[in-house]
Every structure is written in C-alpha cells, then in structure tokens.
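Here are a few notes to read alongside the model. Please keep the structure open as you go through them.

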Amino acid sequence: MEQKGIPSILTFTAQMTREVEMSITIPKNIRQMGEPEEKRKIYVEDYVVTYLKQYAKEEILNSRGAVLLGNAQEQEGISYLFIRSALELAEHAVADGTVAFTEELWVQVYEEVEKYFQGQEILGWFLSTPGFSPEISYEILSTHRNFFPGQDKVLFMEDPTEGEETFFAMNQGSLVRQRGYIIFYERNMPMQQYMLEKRGGKSVDNREEFTDRAARSFRMLVQERKEQSDQKRIMAFLYGVSTFLVMVVLVIGITMINNYEKMEQVEMALTNLTESMETQQETAQAEDLSDLLSAEQPESLEGQPLEAGSETNSPQEAGSEALEPAGPEGTPEGAGNPGDIQASPSEEPPAPPAEEQPTEAPENPSSEEQPNEMQETSAPVTPSSTYIVQKGDTLLSISRKIYGNDRHIKEICQLNNIEDSDKIYAGEKILLP
C-alpha cells in the first residue's frame with residue numbers, strides 16, 4: 001500500500017521525463033518553409049542552408065555531397081532535429097548520383113568533425129544532383145539504409161539548376177519526402193569559422209530575397225576578418241621594409257668601415273711607394289753624379305805626365321771604354337771618335353818639352369776645341385758605338401756621362417729616331433754618334 005506524501009517510482013520517472021522534455025529550447029527567430037511534419041520537426045540553421053546552396057552551385061552540372069551535423073531530441077513523442085553544421089565531402093567520393101562512403105572517407109569526416117564541430121552528432125547527409133527525380137533511386141536508398149539508419153536521420157536533396165530543395169526521412173523502410181522544414185537564426189560560430197576557412201575568407205553569397213540577422217552578422221564578421229587581414233598585410237609589409245632598411249644601413253656601415261680601412265692601406269701603400277721612388281731617384285742621381293765625376297777625372301791620369309805626341313784624353317774617350325762596337329764594320333773596342341788622331345804603333349812620337357807637359361788633365365775641353373765639335377755636329381751623324389740604357393738614365397745624363405756636356409742630345413735623338421727625349425727605357429740599346 002502506497003504511503004501518503006511519498007511519490008511512487010512511476011510518478012518520479014514521469015516527472016523526470018517531463019523535465020528532460022521541457023529542457024528543449026525551441027528557437028524563436030525562425031522562418032517556416034512549407035508545412036513541417038507533425039511528428040518530426042526539422043530545424044536547419046540559416047548558415048547551413050546558405051552554404052549548401054552556394055556549394056551546390058559551384059558545380060551546377062555535377063553531383064556534390066556533404067554530411068549534416070547537429071543534435072536530435074524528442075519531446076512528447078515529437079522528434080526535433082537541429083541541423084547546425086554541414087561538412088562537405090571530397091568530390092571524388094560523389095559519383096553516379098550518390099556518395100561512396102568508404103572507410104577512408106569516414107576517417108576524414110570524423111577528423112573534421114573533431115576539428116570544427118566537437119559535440120555534434122551526424123544527423124544525415126546532403127546530395128546535390130541536377131534534375132533529380134522525385135522518386136528516390138535504389139542506390140540512394142541503399143546508401144541511406146547502410147550509413148544513416150534510424151528515424152532521426154534525414155536526407156537533404158537539392159537541384160542546383162532549378163533551386164529546388166527538399167528533405168527525406170525514413171518511414172516504414174522507405175525514404176519519404178517531408179512537407180516542410182524550419183530555418184532558424186543564431187550566432188553559429190563553428191559554422192562561420194568553417195565557411196571562412198573553406199572559402200578562403202570570402203563571404204557565401206546569400207540569394208534569399210529577405211535580409212536576416214544571421215546574414216548581417218556573417219557579413220560583419222567577414223568584413224572584420226578582411227580588415228584584420230589587411231592590417232596584418234600592412235604590418236608585414238612595414239616590418240619587411242623596416243627590416244630591409246636596417247639591413248641597408250648595416251651594409252652601408254660595414255662597407256664604410258671596410259672602405260676606411262682600405263683607404264688607410266692604400267694611403268700607406270702610396271706613401272711607401274713615394275718614399276721608395278724618392279730613394280731610388282736620389283740613388284740614381286748619386287750614381288749619375290759619381291759616374292760624371294769619374295768620367296771627368298780619370299784615375300789613370302791623376303798625377304802622371306802626358307807622353308809626347310799624345311792628346312789630352314777627352315770625356316768622350318773616357319766614356320768610350322765601356323761602349324760596344326757598332327755598325328757592320330765596327331770600330332776597335334776602346335777607340336775614340338773617327339776624328340781623333342792616333343799615333344802609329346811603329347813610330348814613337350817625339351817627346352815634347354818639359355814645360356809643355358801638363359801635370360793634370362784639363363777638366364773641360366778648351367775653347368779652341370769647341371768650334372771643331374760644333375763643326376762635327378753640323379756634319380751628317382754616323383754611329384760610332386752603342387750604349388745600353390741603365391735604370392734612371394736620361395738622354396741628358398747619357399750625354400753628360402759620355403761626352404761631358406749636353407750638346408749631343410739632338411744627335412742621339414736623330415740617330416735613334418727618338419721623338420721625345422724623355423722616353424727611353426732601362427735595357428734599351430741606343431746608338432751614339
């Protein structure tokens with residue numbers, strides 16, 4: 001016998017059932033399409049409808065498929081299906097007006113469900129077929145029975161060429177067309193995120209003839225994403241430009257430092273070269289002066305009287321000892337100029353008086369000999385010997401070294417066809433008059 005004040009187990013179970021059933025929240029912002037079934041209420045979120053329409057029209061002449069996700073509940077014997085998401089299938093999986101749900105395809109589906117739509121369950125599938133028949137084919141029915149069994153699984157079909165869509169549900173072993181469904185609106189963030197990623201941030205074109213809060217919200221979200229993307233691109237560009245400028249400044253600084261060091265090295269090298277050239281020039285001048293002095297004052301004649309009949313050795317004779325014979329016939333080595341008079345080896349010249357013998361050779365030719373030299377220069381120039389140019393030599397120094405004066409420069413130029421008296425080179429062999 002039941003005691004008063006203590007509810008029975010049946011009464012408690014009935015109360016719990018009513019509380020669970022009353023927990024279903026029916027969307028308020030809705031739009032009804034056709035006349036929904038009394039025992040099955042199909043609610044489809046607006047983003048899903050919009051996305052599937054656009055998805056079907058991308059390949060208007062080919063079939064496309066998707067999986068429908070959401071939640072299913074029951075209250076007072078009425079089934080409520082809330083379709084909140086749609087997951088598109090690979091194109092190769094759709095063929096011959098149906099979908100080949102392979103094991104590989106299901107693995108991909110569950111991976112994307114876990115990534116984008118956690119907590120949602122599979123409520124059916126979507127199939128876009130141009131010009132589909134009102135009668136369900138055996139292939140479609142077989143696919144639905146094998147992979148979507150139960151009273152709470154539906155098929156949403158659309159003809160992209162005509163814009164016609166309808167739901168089918170199982171009833172007594174067959175897929176039966178539903179008379180209508182309900183579109184509801186909410187801030188469906190998972191579906192928005194999925195649409196943005198699949199469409200590369202582009203908005204899905206809504207071709208309905210009415211404006212709704214969900215569409216405005218989606219457009220605002222797309223605009224915000226676009227602005228954020230533009231800002232990121234601008235910041236990335238500015239960052240790249242600033243990085244490039246910093247690199248340019250660093251390169252310029254390093255180059256300037258390297259160039260400064262190189263300039264110092266070049267300056268030091270030029271200084272060393274200048275000092276070396278000055279030293280070589282001073283050495284060459286000293287050697288020329290020493291040669292000139294030795295030519296003007298031969299050591300063999302210092303402190304010795306001249307023999308009778310011999311002439312005073314001139315600077316030409318002093319310098320001719322180092323000359324090589326020139327011309328095809330040549331002259332004996334050590335011979336003087338062609339105009340010089342030499343004694344016969346068979347006859348001894350008479351000894352001059354003692355007072356006429358000079359104690360030293362004259363440093364410079366006498367004034368009486370100068371006219372003869374001028375006469376010789378006016379005569380045709382013939383080569384008498386050759387000379388090898390030494391380092392630091394000039395025609396002036398050679399004339400002074402060989403002849404003791406600088407009046408033979410023109411003759412040397414004439415004899416060697418030298419146009420510029422400063423352009424002679426060490427090692428060059430020149431003819432001497």
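This is a predicted model: local features need pLDDT of at least 70, side-chain atom pairs count only at pLDDT 80 or more; totals for chains, interfaces and linings use all residues.

1. Residues are numbered from 1 along each chain as its sequence is written, and side-chain values use heavy atoms, leaving out hydrogens and water.

2. The protein chain has 10 helices and 14 strands (DSSP runs: H or I of at least four residues, E of at least two, numbered from the N terminus). Of its 433 residues, 33% are buried, meaning under 20% relative accessible area with a 1.4 Å probe, protein chains only.

3. Among contacts (heavy atoms within 4.5 Å) between residues at least 6 apart in sequence, 73% join residues at least 24 apart.

4. The axes of helix H9 (residues 395-403) and helix H10 (residues 409-416) come within 9 Å and cross at roughly 110 degrees; axes are lines fitted to C-alpha atoms over the stretch in contact, with angles from 0 to 180 degrees between N-to-C directions. H9 and H10 are therefore roughly perpendicular (65 to 115 degrees). Leu 395, Leu 396, Ser 399 and Tyr 403 in H9 meet Ile 409, Ile 412 and Cys 413 in H10.

5. Glu 165 lies in strand S9 (residues 164-171) and is buried, at 18% relative accessible area. Leaving aside residues up to four places away in sequence, Glu 165 touches Lys 53, Phe 156, Met 157, Glu 158 and Tyr 181.

How values were computed: Buried means under 20% relative accessible area, exposed over 50%, partly exposed in between (1.4 Å probe, protein chains only). Angles under 35 degrees count as roughly parallel, over 145 as roughly antiparallel, 65 to 115 as roughly perpendicular and the rest as oblique.
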